[in-house]
Amino acid sequence: MSLLCRAVLSLRYIRVPMARNASTAFLIEDPKYSFLKDLGLKENNVGVFNGKWKANGEVIKSYSPANGKVIAEVQAGSAADYEACASAAQEAWHAWAELPAPARGEVVRQIGDALRENLQPLGKLVSLEMGKILPEAIGEVIEYIHVCDLALGLSRTLPGTVFPSERPGHVLIEKWNPLGVVGIITAFNFPVAVFGWNSAIAMVCGDATVWKPSETTPLVAVAVTKIVESVLQKNNIPGAIASLCVGGKGIGEKLVKDERMKLVSFTGSTTVGQQVGVEVQKRFGRHLLELGGNNAIIVNEDANLELFLSAALFACAGTAGQRCTTTRRLLIHKKLYSEVVSRLKKAYAGVVSRIGDPLLEETLIGPLHTPAAVDAYKKTVAEAVKLGGKIEFGGKIIEREGYFVEPTIITGLPHDSPIVKTECFAPIVYCIEIPDLETGIQYNNEVEQGLSSSLFTENLGDVFKWIGPHGSDCGIVNVNIPTNGAEVGGAFGGEKATGGGRECGSDSWKNYMRRATVTINYSGAIKLAQNIKFGDQ
Ligand code: NAD
(Lines give C-alpha, C1' and ligand atoms only; values in the text may rest on other atoms or scores of the structure.)
Protein backbone atom coordinates (compact mmCIF):
# COMPACT_ATOMS: atom_id res chain seq x y z
CA MET A 1 0.00 0.00 0.00
CA SER A 2 1.38 3.41 -0.91
CA LEU A 3 2.19 5.86 1.85
CA LEU A 4 -0.50 8.16 0.55
CA CYS A 5 -3.19 5.42 0.68
CA ARG A 6 -2.14 4.52 4.20
CA ALA A 7 -2.40 8.15 5.15
CA VAL A 8 -5.85 8.51 3.59
CA LEU A 9 -7.08 5.36 5.36
CA SER A 10 -5.84 6.50 8.73
CA LEU A 11 -7.43 9.90 8.25
CA ARG A 12 -10.92 8.37 8.10
CA TYR A 13 -11.12 7.71 11.82
CA ILE A 14 -11.48 11.19 12.95
CA ARG A 15 -13.68 13.01 15.41
CA VAL A 16 -13.60 15.49 18.27
CA PRO A 17 -10.97 14.63 20.94
CA MET A 18 -11.83 12.92 24.17
CA ALA A 19 -12.35 14.97 27.27
CA ARG A 20 -9.76 14.57 30.00
CA ASN A 21 -9.93 11.09 31.41
CA ALA A 22 -11.70 10.97 34.74
CA SER A 23 -10.11 7.70 35.94
CA THR A 24 -8.74 7.93 39.49
CA ALA A 25 -5.76 5.57 39.02
CA PHE A 26 -2.67 7.74 38.63
CA LEU A 27 -0.13 6.80 35.97
CA ILE A 28 2.64 7.06 38.57
CA GLU A 29 1.37 3.78 40.03
CA ASP A 30 1.74 2.00 36.68
CA PRO A 31 5.10 0.13 36.56
CA LYS A 32 5.45 1.32 32.95
CA TYR A 33 6.18 4.78 34.36
CA SER A 34 8.47 3.71 37.22
CA PHE A 35 10.96 6.38 36.13
CA LEU A 36 8.70 8.91 37.89
CA LYS A 37 9.57 7.45 41.28
CA ASP A 38 13.28 7.47 40.35
CA LEU A 39 12.91 11.26 40.22
CA GLY A 40 11.48 11.33 43.75
CA LEU A 41 7.92 11.98 42.59
CA LYS A 42 4.87 10.58 44.39
CA GLU A 43 1.12 10.50 43.83
CA ASN A 44 0.78 13.80 45.70
CA ASN A 45 3.67 16.21 45.44
CA VAL A 46 4.50 19.51 47.10
CA GLY A 47 4.93 22.27 44.53
CA VAL A 48 6.62 24.92 46.66
CA PHE A 49 10.29 24.94 47.66
CA ASN A 50 12.23 27.62 49.51
CA GLY A 51 14.73 25.48 51.33
CA LYS A 52 11.80 23.47 52.68
CA TRP A 53 9.02 21.79 50.71
CA LYS A 54 5.67 23.16 51.91
CA ALA A 55 2.54 24.19 49.98
CA ASN A 56 -0.93 25.40 50.91
CA GLY A 57 -2.51 26.21 47.55
CA GLU A 58 -4.87 24.29 45.31
CA VAL A 59 -4.10 20.75 44.20
CA ILE A 60 -3.30 20.56 40.46
CA LYS A 61 -3.68 17.35 38.51
CA SER A 62 -0.99 16.81 35.90
CA TYR A 63 -2.29 15.09 32.76
CA SER A 64 -0.47 13.13 30.10
CA PRO A 65 -1.43 14.66 26.73
CA ALA A 66 -0.89 11.26 25.09
CA ASN A 67 -3.86 9.69 26.88
CA GLY A 68 -5.61 12.34 28.98
CA LYS A 69 -4.90 10.41 32.18
CA VAL A 70 -3.66 11.92 35.43
CA ILE A 71 0.04 11.27 36.02
CA ALA A 72 0.10 12.59 39.61
CA GLU A 73 -0.94 15.63 41.63
CA VAL A 74 0.98 18.70 42.74
CA GLN A 75 -0.09 21.08 45.50
CA ALA A 76 0.49 24.60 44.21
CA GLY A 77 1.53 27.65 46.19
CA SER A 78 -0.86 30.04 47.94
CA ALA A 79 -0.23 33.80 48.03
CA ALA A 80 1.47 33.30 51.43
CA ASP A 81 3.64 30.52 49.98
CA TYR A 82 4.79 32.86 47.20
CA GLU A 83 5.64 35.47 49.84
CA ALA A 84 7.67 32.88 51.77
CA CYS A 85 9.60 31.97 48.58
CA ALA A 86 10.37 35.58 47.69
CA SER A 87 11.55 36.53 51.18
CA ALA A 88 13.60 33.33 51.62
CA ALA A 89 15.26 33.87 48.22
CA GLN A 90 15.99 37.50 49.13
CA GLU A 91 17.52 36.45 52.44
CA ALA A 92 19.59 33.62 50.95
CA TRP A 93 20.85 35.82 48.12
CA HIS A 94 23.31 37.80 50.28
CA ALA A 95 25.62 34.88 51.03
CA TRP A 96 25.32 33.50 47.50
CA ALA A 97 26.35 36.86 46.00
CA GLU A 98 29.43 36.94 48.24
CA LEU A 99 30.70 33.58 46.98
CA PRO A 100 33.36 34.04 44.29
CA ALA A 101 31.95 33.46 40.81
CA PRO A 102 34.17 30.38 40.15
CA ALA A 103 32.78 28.81 43.35
CA ARG A 104 29.26 29.46 42.07
CA GLY A 105 30.33 27.95 38.75
CA GLU A 106 31.47 24.79 40.53
CA VAL A 107 27.94 24.41 41.99
CA VAL A 108 26.44 24.85 38.53
CA ARG A 109 28.91 22.27 37.16
CA GLN A 110 27.62 19.80 39.75
CA ILE A 111 24.02 20.58 38.72
CA GLY A 112 25.05 19.67 35.15
CA ASP A 113 26.41 16.35 36.44
CA ALA A 114 23.26 15.66 38.45
CA LEU A 115 21.23 16.29 35.29
CA ARG A 116 23.48 13.85 33.39
CA GLU A 117 22.70 11.21 36.02
CA ASN A 118 18.96 11.88 35.64
CA LEU A 119 18.95 12.37 31.87
CA GLN A 120 16.79 9.37 31.01
CA PRO A 121 14.10 9.64 33.72
CA LEU A 122 13.83 13.41 33.39
CA GLY A 123 13.64 13.18 29.60
CA LYS A 124 10.89 10.57 29.92
CA LEU A 125 8.97 12.79 32.34
CA VAL A 126 9.17 15.73 29.89
CA SER A 127 7.85 13.46 27.16
CA LEU A 128 5.03 12.14 29.35
CA GLU A 129 3.92 15.48 30.81
CA MET A 130 4.57 17.92 27.94
CA GLY A 131 4.01 15.48 25.08
CA LYS A 132 7.11 15.94 22.90
CA ILE A 133 8.82 12.82 21.56
CA LEU A 134 11.52 11.25 23.72
CA PRO A 135 14.58 12.26 21.62
CA GLU A 136 13.45 15.88 21.76
CA ALA A 137 12.67 15.61 25.48
CA ILE A 138 16.12 14.16 26.16
CA GLY A 139 17.56 16.91 23.94
CA GLU A 140 15.88 19.47 26.16
CA VAL A 141 17.62 18.11 29.27
CA ILE A 142 20.91 18.05 27.32
CA GLU A 143 20.32 21.70 26.50
CA TYR A 144 20.21 22.50 30.24
CA ILE A 145 23.43 20.50 30.69
CA HIS A 146 25.05 22.49 27.87
CA VAL A 147 24.00 25.74 29.56
CA CYS A 148 25.61 24.51 32.80
CA ASP A 149 28.85 23.95 30.82
CA LEU A 150 28.56 27.41 29.29
CA ALA A 151 27.85 28.99 32.68
CA LEU A 152 30.83 27.18 34.25
CA GLY A 153 33.16 28.78 31.67
CA LEU A 154 31.46 32.11 32.21
CA SER A 155 32.07 31.86 35.95
CA ARG A 156 35.80 32.17 35.25
CA THR A 157 35.55 34.73 32.47
CA LEU A 158 32.88 37.23 33.57
CA PRO A 159 34.47 40.42 32.32
CA GLY A 160 35.01 43.88 33.71
CA THR A 161 36.51 46.50 31.44
CA VAL A 162 39.13 49.15 32.20
CA PHE A 163 38.84 52.26 30.02
CA PRO A 164 41.55 54.91 29.60
CA SER A 165 40.69 57.92 31.74
CA GLU A 166 41.24 61.41 30.30
CA ARG A 167 42.25 62.59 33.78
CA PRO A 168 45.74 61.93 35.14
CA GLY A 169 45.78 59.71 38.23
CA HIS A 170 42.29 58.36 37.56
CA VAL A 171 41.04 54.88 36.71
CA LEU A 172 37.80 54.31 34.80
CA ILE A 173 36.40 50.83 35.16
CA GLU A 174 33.16 48.95 34.53
CA LYS A 175 32.12 46.71 37.42
CA TRP A 176 29.36 44.08 37.12
CA ASN A 177 27.44 42.99 40.20
CA PRO A 178 24.59 40.53 40.70
CA LEU A 179 21.07 41.90 40.46
CA GLY A 180 19.60 40.13 43.50
CA VAL A 181 16.53 37.93 43.06
CA VAL A 182 15.36 37.06 39.55
CA GLY A 183 11.80 35.85 38.85
CA ILE A 184 11.49 33.19 36.16
CA ILE A 185 8.11 32.47 34.55
CA THR A 186 8.15 29.67 32.00
CA ALA A 187 5.91 28.25 29.26
CA PHE A 188 4.73 24.66 29.00
CA ASN A 189 6.58 23.73 25.82
CA PHE A 190 10.17 23.83 27.13
CA PRO A 191 9.59 22.97 30.77
CA VAL A 192 13.26 22.15 31.48
CA ALA A 193 15.42 24.08 29.02
CA VAL A 194 13.95 27.56 29.51
CA PHE A 195 14.39 27.28 33.29
CA GLY A 196 17.95 26.02 32.66
CA TRP A 197 18.82 28.91 30.32
CA ASN A 198 17.86 31.35 33.05
CA SER A 199 18.86 29.50 36.19
CA ALA A 200 22.40 28.43 35.26
CA ILE A 201 23.37 31.88 33.99
CA ALA A 202 21.64 33.71 36.88
CA MET A 203 23.43 31.44 39.38
CA VAL A 204 26.95 32.15 38.13
CA CYS A 205 26.06 35.84 37.94
CA GLY A 206 25.31 35.66 41.68
CA ASP A 207 21.52 35.92 41.61
CA ALA A 208 18.93 33.89 43.51
CA THR A 209 15.80 32.83 41.61
CA VAL A 210 12.09 32.24 42.18
CA TRP A 211 10.62 30.00 39.48
CA LYS A 212 6.94 29.95 38.54
CA PRO A 213 6.59 27.17 35.96
CA SER A 214 3.63 26.51 33.71
CA GLU A 215 0.73 25.09 35.71
CA THR A 216 0.42 22.28 33.14
CA THR A 217 3.99 20.99 33.63
CA PRO A 218 4.32 21.09 37.43
CA LEU A 219 5.86 17.61 37.80
CA VAL A 220 8.82 18.55 35.62
CA ALA A 221 9.33 21.66 37.77
CA VAL A 222 9.25 19.64 41.01
CA ALA A 223 11.65 17.01 39.59
CA VAL A 224 14.13 19.63 38.29
CA THR A 225 14.04 21.52 41.59
CA LYS A 226 14.72 18.29 43.51
CA ILE A 227 17.82 17.74 41.35
CA VAL A 228 19.05 21.31 41.97
CA GLU A 229 18.23 20.98 45.69
CA SER A 230 20.35 17.82 46.01
CA VAL A 231 23.41 19.71 44.72
CA LEU A 232 22.80 22.78 46.88
CA GLN A 233 22.40 20.56 49.95
CA LYS A 234 25.69 18.76 49.22
CA ASN A 235 27.42 22.15 49.08
CA ASN A 236 25.72 23.56 52.21
CA ILE A 237 24.04 26.28 50.19
CA PRO A 238 20.54 27.44 51.18
CA GLY A 239 17.97 25.85 48.89
CA ALA A 240 16.07 29.14 48.76
CA ILE A 241 18.48 30.51 46.16
CA ALA A 242 16.56 28.28 43.73
CA SER A 243 13.01 28.67 45.01
CA LEU A 244 9.99 27.20 43.27
CA CYS A 245 6.36 28.27 43.47
CA VAL A 246 4.01 26.21 41.31
CA GLY A 247 0.85 28.12 40.45
CA GLY A 248 -1.18 29.78 37.76
CA LYS A 249 -1.79 33.32 36.61
CA GLY A 250 -2.33 34.59 40.21
CA ILE A 251 1.15 33.59 41.38
CA GLY A 252 2.60 34.93 38.10
CA GLU A 253 0.95 38.30 38.69
CA LYS A 254 2.30 38.51 42.23
CA LEU A 255 5.82 37.77 41.02
CA VAL A 256 5.59 40.35 38.23
CA LYS A 257 4.51 43.10 40.65
CA ASP A 258 7.07 42.17 43.31
CA GLU A 259 9.76 44.85 43.64
CA ARG A 260 12.16 42.23 45.04
CA MET A 261 12.23 40.62 41.59
CA LYS A 262 14.92 42.81 40.07
CA LEU A 263 14.52 41.00 36.75
CA VAL A 264 11.44 39.16 35.53
CA SER A 265 12.38 36.69 32.82
CA PHE A 266 9.11 35.74 31.13
CA THR A 267 8.65 33.09 28.45
CA GLY A 268 5.19 32.66 27.00
CA SER A 269 2.61 34.13 24.66
CA THR A 270 2.82 37.64 23.27
CA THR A 271 -0.52 38.59 24.84
CA VAL A 272 0.54 37.71 28.38
CA GLY A 273 4.12 38.93 27.79
CA GLN A 274 2.90 42.37 26.84
CA GLN A 275 0.96 42.67 30.13
CA VAL A 276 4.00 41.42 32.03
CA GLY A 277 6.27 43.95 30.30
CA VAL A 278 3.97 46.86 31.17
CA GLU A 279 3.59 45.77 34.81
CA VAL A 280 7.33 45.36 35.32
CA GLN A 281 8.02 48.69 33.64
CA LYS A 282 5.52 50.41 35.96
CA ARG A 283 7.85 49.69 38.87
CA PHE A 284 11.01 50.29 36.78
CA GLY A 285 12.01 46.65 37.11
CA ARG A 286 13.90 44.87 34.40
CA HIS A 287 12.23 42.40 32.09
CA LEU A 288 13.43 39.80 29.63
CA LEU A 289 10.62 38.77 27.29
CA GLU A 290 10.69 35.61 25.16
CA LEU A 291 7.32 35.62 23.40
CA GLY A 292 5.51 34.17 20.42
CA GLY A 293 6.87 33.63 16.92
CA ASN A 294 5.47 33.41 13.40
CA ASN A 295 8.47 31.98 11.67
CA ALA A 296 9.00 31.65 7.92
CA ILE A 297 11.28 29.70 5.63
CA ILE A 298 11.98 31.27 2.24
CA VAL A 299 12.61 28.71 -0.49
CA ASN A 300 14.70 30.69 -2.96
CA GLU A 301 14.68 30.07 -6.71
CA ASP A 302 18.02 28.23 -6.46
CA ALA A 303 17.31 26.32 -3.21
CA ASN A 304 18.64 22.80 -2.80
CA LEU A 305 15.25 21.08 -2.59
CA GLU A 306 16.55 17.83 -1.12
CA LEU A 307 18.11 19.80 1.71
CA PHE A 308 14.96 21.85 2.21
CA LEU A 309 12.66 18.82 2.22
CA SER A 310 14.77 16.97 4.75
CA ALA A 311 14.48 20.01 7.05
CA ALA A 312 10.85 20.92 6.36
CA LEU A 313 9.06 18.15 8.22
CA PHE A 314 10.82 18.79 11.51
CA ALA A 315 10.52 22.54 10.95
CA CYS A 316 6.74 22.59 10.31
CA ALA A 317 5.35 19.51 12.06
CA GLY A 318 8.02 18.49 14.60
CA THR A 319 7.04 18.83 18.29
CA ALA A 320 3.45 18.90 16.86
CA GLY A 321 4.08 22.55 16.00
CA GLN A 322 4.67 23.48 19.65
CA ARG A 323 8.02 25.22 19.42
CA CYS A 324 8.18 28.98 19.52
CA THR A 325 10.47 28.55 16.49
CA THR A 326 8.20 26.16 14.51
CA THR A 327 7.90 27.15 10.83
CA ARG A 328 4.40 28.51 10.29
CA ARG A 329 4.87 30.05 6.83
CA LEU A 330 6.64 28.67 3.76
CA LEU A 331 7.43 31.43 1.27
CA ILE A 332 8.19 29.51 -1.92
CA HIS A 333 9.55 30.85 -5.20
CA LYS A 334 6.92 30.55 -7.95
CA LYS A 335 9.17 28.28 -10.09
CA LEU A 336 9.34 25.70 -7.27
CA TYR A 337 5.94 26.23 -5.67
CA SER A 338 3.98 23.28 -7.15
CA GLU A 339 6.86 20.86 -6.74
CA VAL A 340 7.49 21.90 -3.13
CA VAL A 341 3.81 21.61 -2.15
CA SER A 342 3.39 18.21 -3.76
CA ARG A 343 6.63 16.80 -2.32
CA LEU A 344 5.79 18.19 1.09
CA LYS A 345 2.39 16.47 0.99
CA LYS A 346 4.15 13.16 0.25
CA ALA A 347 6.53 13.74 3.13
CA TYR A 348 3.60 14.46 5.48
CA ALA A 349 1.80 11.31 4.31
CA GLY A 350 4.90 9.36 5.31
CA VAL A 351 4.66 10.41 8.96
CA VAL A 352 0.95 9.86 9.55
CA SER A 353 1.60 6.31 10.73
CA ARG A 354 4.22 7.69 13.12
CA ILE A 355 1.94 9.98 15.11
CA GLY A 356 1.38 8.56 18.57
CA ASP A 357 2.69 7.97 22.07
CA PRO A 358 5.71 10.28 22.37
CA LEU A 359 7.51 7.78 24.60
CA LEU A 360 7.59 5.12 21.87
CA GLU A 361 10.69 4.86 19.72
CA GLU A 362 8.84 4.81 16.39
CA THR A 363 6.88 8.00 17.10
CA LEU A 364 7.86 11.17 15.26
CA ILE A 365 4.94 13.41 16.20
CA GLY A 366 3.26 13.44 19.60
CA PRO A 367 0.05 15.07 20.82
CA LEU A 368 -0.89 18.68 21.42
CA HIS A 369 -0.50 19.63 25.05
CA THR A 370 -4.12 20.28 26.10
CA PRO A 371 -7.71 19.99 24.85
CA ALA A 372 -7.67 23.81 24.56
CA ALA A 373 -4.81 23.54 22.06
CA VAL A 374 -6.84 21.03 20.03
CA ASP A 375 -9.71 23.47 20.05
CA ALA A 376 -7.47 26.32 18.85
CA TYR A 377 -6.20 24.06 16.03
CA LYS A 378 -9.76 23.19 15.01
CA LYS A 379 -10.86 26.83 15.01
CA THR A 380 -7.82 27.94 13.00
CA VAL A 381 -8.39 25.29 10.33
CA ALA A 382 -12.08 26.23 10.07
CA GLU A 383 -11.23 29.93 9.83
CA ALA A 384 -8.60 29.27 7.15
CA VAL A 385 -11.17 27.39 5.06
CA LYS A 386 -13.72 30.16 5.58
CA LEU A 387 -11.19 32.68 4.29
CA GLY A 388 -10.67 30.67 1.12
CA GLY A 389 -7.74 28.49 2.14
CA LYS A 390 -7.35 24.97 0.75
CA ILE A 391 -6.40 22.11 3.05
CA GLU A 392 -3.69 20.31 1.09
CA PHE A 393 -3.02 17.85 3.88
CA GLY A 394 -4.46 17.02 7.28
CA GLY A 395 -6.84 19.47 8.90
CA LYS A 396 -8.53 17.07 11.27
CA ILE A 397 -8.45 15.88 14.84
CA ILE A 398 -7.33 12.25 15.21
CA GLU A 399 -9.70 9.85 16.90
CA ARG A 400 -7.76 8.16 19.66
CA GLU A 401 -7.17 8.81 23.32
CA GLY A 402 -5.15 11.93 24.01
CA TYR A 403 -4.93 15.22 22.13
CA PHE A 404 -3.76 14.34 18.65
CA VAL A 405 -4.23 16.32 15.43
CA GLU A 406 -3.03 15.87 11.88
CA PRO A 407 -0.09 17.93 10.71
CA THR A 408 -1.64 20.34 8.25
CA ILE A 409 -0.65 22.14 5.06
CA ILE A 410 -2.81 25.03 3.84
CA THR A 411 -2.50 26.88 0.52
CA GLY A 412 -4.46 29.62 -1.19
CA LEU A 413 -4.45 32.29 1.51
CA PRO A 414 -3.01 35.74 0.89
CA HIS A 415 0.35 36.42 2.56
CA ASP A 416 -1.26 39.14 4.71
CA SER A 417 -4.40 37.25 5.72
CA PRO A 418 -5.01 37.87 9.46
CA ILE A 419 -4.89 34.17 10.17
CA VAL A 420 -1.50 33.79 8.45
CA LYS A 421 -0.20 36.61 10.60
CA THR A 422 -1.36 34.96 13.85
CA GLU A 423 0.57 32.32 15.80
CA CYS A 424 -1.50 29.15 16.30
CA PHE A 425 0.52 26.82 18.52
CA ALA A 426 -0.21 23.69 16.44
CA PRO A 427 1.24 21.93 13.36
CA ILE A 428 -0.29 24.16 10.67
CA VAL A 429 1.85 25.60 7.88
CA TYR A 430 0.73 28.07 5.21
CA CYS A 431 2.36 27.83 1.76
CA ILE A 432 2.65 31.15 -0.04
CA GLU A 433 4.04 31.81 -3.50
CA ILE A 434 6.66 34.54 -3.97
CA PRO A 435 7.96 36.06 -7.24
CA ASP A 436 11.45 36.82 -5.89
CA LEU A 437 13.60 37.00 -2.77
CA GLU A 438 12.83 40.68 -2.12
CA THR A 439 9.12 39.89 -1.85
CA GLY A 440 9.93 36.90 0.35
CA ILE A 441 11.88 39.13 2.73
CA GLN A 442 9.01 41.64 2.74
CA TYR A 443 6.50 38.89 3.65
CA ASN A 444 8.90 37.44 6.23
CA ASN A 445 9.10 40.81 7.97
CA GLU A 446 5.47 41.90 7.72
CA VAL A 447 4.20 39.93 10.73
CA GLU A 448 4.28 41.47 14.21
CA GLN A 449 6.49 38.70 15.62
CA GLY A 450 10.23 38.57 14.91
CA LEU A 451 11.61 35.35 16.34
CA SER A 452 13.12 32.96 13.77
CA SER A 453 13.54 32.83 10.00
CA SER A 454 15.41 30.82 7.42
CA LEU A 455 16.46 31.09 3.79
CA PHE A 456 17.23 28.08 1.60
CA THR A 457 19.58 29.21 -1.15
CA GLU A 458 22.87 28.36 -2.84
CA ASN A 459 23.49 31.99 -3.76
CA LEU A 460 26.16 33.67 -1.64
CA GLY A 461 25.01 37.18 -2.56
CA ASP A 462 21.47 36.36 -1.41
CA VAL A 463 22.82 35.01 1.87
CA PHE A 464 24.38 38.38 2.62
CA LYS A 465 21.26 40.23 1.51
CA TRP A 466 19.26 38.01 3.92
CA ILE A 467 21.53 38.64 6.93
CA GLY A 468 22.04 42.34 6.13
CA PRO A 469 20.18 45.55 7.04
CA HIS A 470 17.40 44.92 4.53
CA GLY A 471 17.15 41.21 5.19
CA SER A 472 15.28 39.30 7.88
CA ASP A 473 14.28 41.42 10.89
CA CYS A 474 14.17 38.41 13.25
CA GLY A 475 16.42 37.63 16.20
CA ILE A 476 17.33 34.29 14.62
CA VAL A 477 18.34 34.40 10.96
CA ASN A 478 19.27 31.01 9.48
CA VAL A 479 20.52 29.77 6.13
CA ASN A 480 19.88 26.23 4.87
CA ILE A 481 18.65 24.92 8.22
CA PRO A 482 15.16 24.90 9.74
CA THR A 483 13.87 27.80 11.85
CA ASN A 484 13.88 25.61 14.98
CA GLY A 485 16.59 23.91 17.02
CA ALA A 486 19.02 26.49 18.40
CA GLU A 487 22.39 25.95 20.09
CA VAL A 488 23.17 27.44 23.49
CA GLY A 489 26.27 29.39 22.44
CA GLY A 490 24.31 32.13 20.65
CA ALA A 491 21.90 34.58 22.23
CA PHE A 492 18.35 33.28 21.83
CA GLY A 493 15.34 35.54 21.31
CA GLY A 494 13.44 37.71 18.89
CA GLU A 495 12.48 41.24 17.94
CA LYS A 496 9.18 43.16 17.79
CA ALA A 497 6.23 41.31 19.40
CA THR A 498 8.58 38.46 20.33
CA GLY A 499 9.70 40.82 23.07
CA GLY A 500 13.32 41.74 22.29
CA GLY A 501 14.84 39.60 25.06
CA ARG A 502 17.98 37.50 24.64
CA GLU A 503 18.76 34.47 26.77
CA CYS A 504 21.46 31.89 27.20
CA GLY A 505 24.68 32.43 25.20
CA SER A 506 26.73 35.36 23.87
CA ASP A 507 26.49 38.34 26.24
CA SER A 508 23.00 37.48 27.55
CA TRP A 509 24.53 37.24 31.04
CA LYS A 510 24.42 41.05 31.11
CA ASN A 511 20.65 40.81 31.68
CA TYR A 512 21.32 39.15 35.03
CA MET A 513 23.81 41.73 36.36
CA ARG A 514 23.91 45.44 37.00
CA ARG A 515 26.68 47.56 35.58
CA ALA A 516 28.46 50.28 37.52
CA THR A 517 30.80 52.73 35.85
CA VAL A 518 33.43 53.43 38.48
CA THR A 519 35.97 56.27 38.46
CA ILE A 520 38.71 56.12 41.08
CA ASN A 521 40.90 59.15 41.66
CA TYR A 522 44.33 58.36 43.13
CA SER A 523 45.97 61.66 42.07
CA GLY A 524 45.28 63.60 45.26
CA ALA A 525 43.74 66.48 43.26
CA ILE A 526 40.27 67.10 41.93
CA LYS A 527 40.10 67.34 38.17
CA LEU A 528 36.82 67.64 36.30
CA ALA A 529 36.15 65.80 33.06
CA GLN A 530 36.27 67.80 29.84
CA ASN A 531 38.86 69.93 31.68
CA ILE A 532 36.06 72.09 33.10
CA LYS A 533 37.26 74.78 35.50
CA PHE A 534 34.73 75.47 38.25
CA GLY A 535 35.30 78.68 40.27
CA ASP A 536 38.87 79.05 41.59
CA GLN A 537 39.72 75.41 40.97
P1 NAD B 1 1.24 31.45 28.27
O2 NAD B 1 1.51 32.88 27.95
O3 NAD B 1 -0.14 30.98 28.31
O4 NAD B 1 1.87 31.10 29.72
C5 NAD B 1 3.23 31.31 30.01
C6 NAD B 1 3.42 31.45 31.52
O7 NAD B 1 2.80 32.66 31.97
C8 NAD B 1 2.77 30.34 32.35
O9 NAD B 1 3.63 29.98 33.40
C10 NAD B 1 1.50 31.00 32.89
O11 NAD B 1 1.03 30.44 34.09
C12 NAD B 1 2.00 32.42 33.12
N13 NAD B 1 0.98 33.47 33.15
C14 NAD B 1 -0.25 33.47 32.59
N15 NAD B 1 -0.86 34.67 32.81
C16 NAD B 1 0.02 35.42 33.52
C17 NAD B 1 -0.02 36.76 34.05
N18 NAD B 1 -1.08 37.55 33.87
N19 NAD B 1 1.06 37.22 34.71
C20 NAD B 1 2.15 36.43 34.87
N21 NAD B 1 2.25 35.16 34.41
C22 NAD B 1 1.19 34.67 33.74
O23 NAD B 1 2.12 30.59 27.24
P24 NAD B 1 2.16 29.01 27.02
O25 NAD B 1 0.89 28.55 26.37
O26 NAD B 1 2.60 28.30 28.26
O27 NAD B 1 3.36 28.87 25.97
C28 NAD B 1 3.23 29.02 24.58
C29 NAD B 1 3.69 30.40 24.15
O30 NAD B 1 5.02 30.66 24.60
C31 NAD B 1 3.75 30.53 22.63
O32 NAD B 1 3.28 31.79 22.26
C33 NAD B 1 5.25 30.40 22.33
O34 NAD B 1 5.64 30.98 21.11
C35 NAD B 1 5.84 31.09 23.52
N36 NAD B 1 7.22 30.67 23.75
C37 NAD B 1 8.21 31.54 23.43
C38 NAD B 1 9.53 31.15 23.59
C39 NAD B 1 10.66 32.08 23.22
O40 NAD B 1 11.77 31.81 23.62
N41 NAD B 1 10.41 33.15 22.48
C42 NAD B 1 9.84 29.88 24.09
C43 NAD B 1 8.79 29.02 24.42
C44 NAD B 1 7.48 29.43 24.24
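Residues are numbered from 1 along each chain as its sequence is written. Because the model is predicted, local features need pLDDT of at least 70 and side-chain atom pairs count only at pLDDT 80 or more, while totals for chains, interfaces and linings use all residues; side-chain values use heavy atoms, with hydrogens and water left out.

**Stop 1: the annotated domain**

Select residues 55-518. UniProt, in an unreviewed entry, gives this range the feature "domain: Aldehyde dehydrogenase"; such annotations may be inferred rather than shown by experiment. Over residues 55-518 the chain is 40% helix and 21% strand, with 44 Å between the end C-alpha atoms. Helices (H or I, at least four residues) and strands (E, at least two) are DSSP runs, numbered from the N terminus.

**Stop 2: the ligand**

Next, look for polar contacts (pairs of N or O atoms within 3.5 Å). At E253, a side-chain N or O atom is 3.5 Å from a nitrogen atom of the ligand. Taken alone, the ligand exposes 860 Å², and the protein buries 89% of that; these accessible areas come from the Shrake-Rupley method with a 1.4 Å probe.

**Stop 3: the second largest pocket**

Select A101, L158, K175, W176 and M513, which lie nearest the centre of the second largest pocket among its 16 lining residues. On a 1 Å grid over the protein atoms alone, a pocket is an open set of points with protein on both sides within 12 Å along at least five of seven lines, a cavity is a set where a 1.4 Å probe fits but cannot get out, and lining residues have an atom within 4 Å of a point. This pocket holds about 230 Å³ of space. Helix 4 (101-117) and strand 6 (170-178) each give two or more residues to its lining, and the largest share, 6 residues, comes from strand 6.

**Stop 4: the cavities**

The count comes to 2 cavities of 30 Å³ or more. For the largest cavity, select N294, R328, T380, V420, T422, C424, A426, I428 and Y430, which line it. Its space is about 50 Å³.

For the second largest cavity, select F195, T209, W211, V224, T225, V228, A242 and S243. Which element gives the most to this lining? Helix 8 does, with 3 residues. By class, the lining has 5 nonpolar, 3 polar and no charged residues.

Terms used. A polar contact is a pair of N or O atoms within 3.5 Å; within protein, one must be able to donate a hydrogen and the other to accept it, and residues adjacent in sequence count only if both atoms are side-chain atoms. Grid points are joined across faces, edges and corners, and a volume is the space filled by probe spheres set on the points. Ala, Val, Leu, Ile, Met, Phe, Trp, Tyr, Cys and Pro count as nonpolar, Asp, Glu, Lys and Arg as charged, and the others, Gly among them, as polar.
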